[in-house]
Amino acid sequence: MNKYAITLALTLMPLTALSVPPQQPKAEGIESPNYVWNADSGEKKEILNLKGDAMLGKEAYRGCQGCHKANGAGIPDGTYPQLAGQHASVLIKQMADIREGQRENPKMFPFAGKHVVTSQEVADIAAYLQNMKIPRDNGKGPGTRLDRGKELYLKDCQTCHGDNGEGSANKFYPVLAGQHYQYMLREIRDIRKGKRRNANPKMVKVVRDYTDADAEAVSDYMSRLMMPERAAEK
Amino acid sequence: MKYLCIAAFIIGEVAAGGALAVQPEASTNTEKARQIVSQVCFACHGMDGNGAEPANPEFPKIAGKQAVYLLKQLNDFKSGKRKSDIMTGIVAEISADDMSNLALYFAGQKNKPEIVMLPELLAFGKKYYEEGSPEAGVPACSGCHNPDASGTDKYPHLAGQYATYTYQQLKSFASSERENDRGLVMQSLAMRMSEQEMKAVSEYLMSLK
């Protein structure tokens, strides 16, 4: 019996002892002094090198649509985010971060971890979702302080997320157009308090001093953005 | 070296979602299958897989289920991956070829509709089947199994199944007594379901044609 083989087998064995439900691993995040946002490493790097097949992604997406819906719209109350028309790069980064434990999501992990979805399937699902049209009936805010929301958006958000909330595929900045008000509000709050551990430190800096009222106003404004070229027909 | 091989094999299987999607051989021997059914399977599952007469709802209806799914279950009974006091002994006597024949035979039968026993559960059962529980993090069943519960090769047909059987299976996934599901998905979600939800969704499934 080869000594190295035993060591290797013992190292690998714990992977096979999956507990039920599967527990999300924990990776270093924004709380760590060594944190590098969007580091060019890990599963994200691996998946970005794969070629996503949207046709295969449609079948793999079955495991997602029980929550995110067949049209990618999630739920307007923001429990599940809207995914249709999101940049593949963003979807891949967020999936990889959840799979490797930099972004916590115990609700989703049992259905999206490496134990059930392959890296190739993540690439395929991302390709499938990116091609989908963004529904127009997303959850919107109360519409009461849109002037303030616009003011904040133009001052703090537009440079990275674009005039119409189109984000940037290359920079891994998400599409905001068509996203649910409550989901964006929740993420802003989580980023503000460090709960979203894979957050971009630039984002933390932007929202750190937002009052709840400002977070609500800017989320409301963003929930009304629309990318004409990716929006679904009326 | 032996352990390394075993470890590598197990990891390979886990990486593949534990799904060794064995396709039944296309060259089915229907006559051979019918013979085995008439000697063995019919007593619980009926000649056409719609249950014996009189029906015992603890034994599943298997008519019209995907052949890939049926064969996987037979293989899992044989390997011990799915435990059953009854089925383990039965499949031990059946060859791999015959299991393929049987899977194709029952897949080719037409599932018969059932009479709903608890109609008061249907409205909630339908809602749960189609929406799951966003609060508890239970995906909608329809997402994988299709809105009409017709299923796919990866996710079995569920329509018209005895509510008693579906409920039993959800319970045994929740307790991990049944653990041959792909990627632990059914175990994980069943753990998040209440008994009432399991009952309602099982009743709703029985009502589907």
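Which residues line the largest cavity? In this predicted model, the lining is made up of A:Gln82, A:Leu83, A:Ala84, A:Gly85, A:Gln86, A:Val175, A:Ala177 and A:Gln179. These lining residues divide into 4 nonpolar and 4 polar, with no charged ones. The cavity itself has a volume of about 30 Å³, and the count of cavities of 30 Å³ or more comes to 1.

Let's turn to a helix of chain A. Helix α8(A) covers residues 146-161, and it bends by about 50° at A:Leu154. Its end-to-end span falls short of that of a straight helix, as the table shows.

| Feature of α8(A) | Value |
|---|---|
| Length | 16 residues |
| Distance between end C-alpha atoms | 18 Å |
| Bend at A:Leu154 | about 50° |

Five names to look for along α8(A) are A:Gly149, A:Leu152, A:Tyr153, A:Cys157 and A:His161, which are buried. Helices α10 (201-207) and α11 (212-222) of chain A are among the elements that cover them. Just past the end of α8(A), A:Gly162 has a positive phi of about 85°.

Now for chain B. Is B:Phe106 buried or exposed? B:Phe106, found in helix α5 (residues 96-107) of chain B, counts as buried because its relative accessible area is 4%, under the 20% cut-off. Beyond its neighbours within four places in sequence, B:Phe106 is in contact with residues including B:Val37, B:Cys41, B:Met47, B:Ile62 and B:Leu70. B:Leu70 lies 36 residues from B:Phe106 in sequence, yet their C-alpha atoms are 8.2 Å apart in space.

Key:
Residues numbered from 1 in each chain as written. Chains lettered and ligands numbered in written order. Predicted model: local features only at pLDDT ≥ 70, side-chain atom pairs only at ≥ 80, totals over all residues. Heavy atoms only, no water. Helix = DSSP H or I, 4+ residues; strand = E, 2+ residues; numbered from the N terminus. Expected span 1.5 Å × (residues − 1). Bend = angle between axes of the 7 residues up to and from the residue. Buried < 20%, exposed > 50% of the residue type's maximum accessible area, 1.4 Å probe, protein only. Contact = heavy atoms within 4.5 Å. 1 Å grid on protein atoms, 1.4 Å probe; cavity = no way out; pocket = protein on both sides within 12 Å on 5 of 7 lines; lining within 4 Å. Points joined across faces, edges and corners; volume = space filled by probe spheres on them. Nonpolar A, V, L, I, M, F, W, Y, C, P; charged D, E, K, R; others polar.
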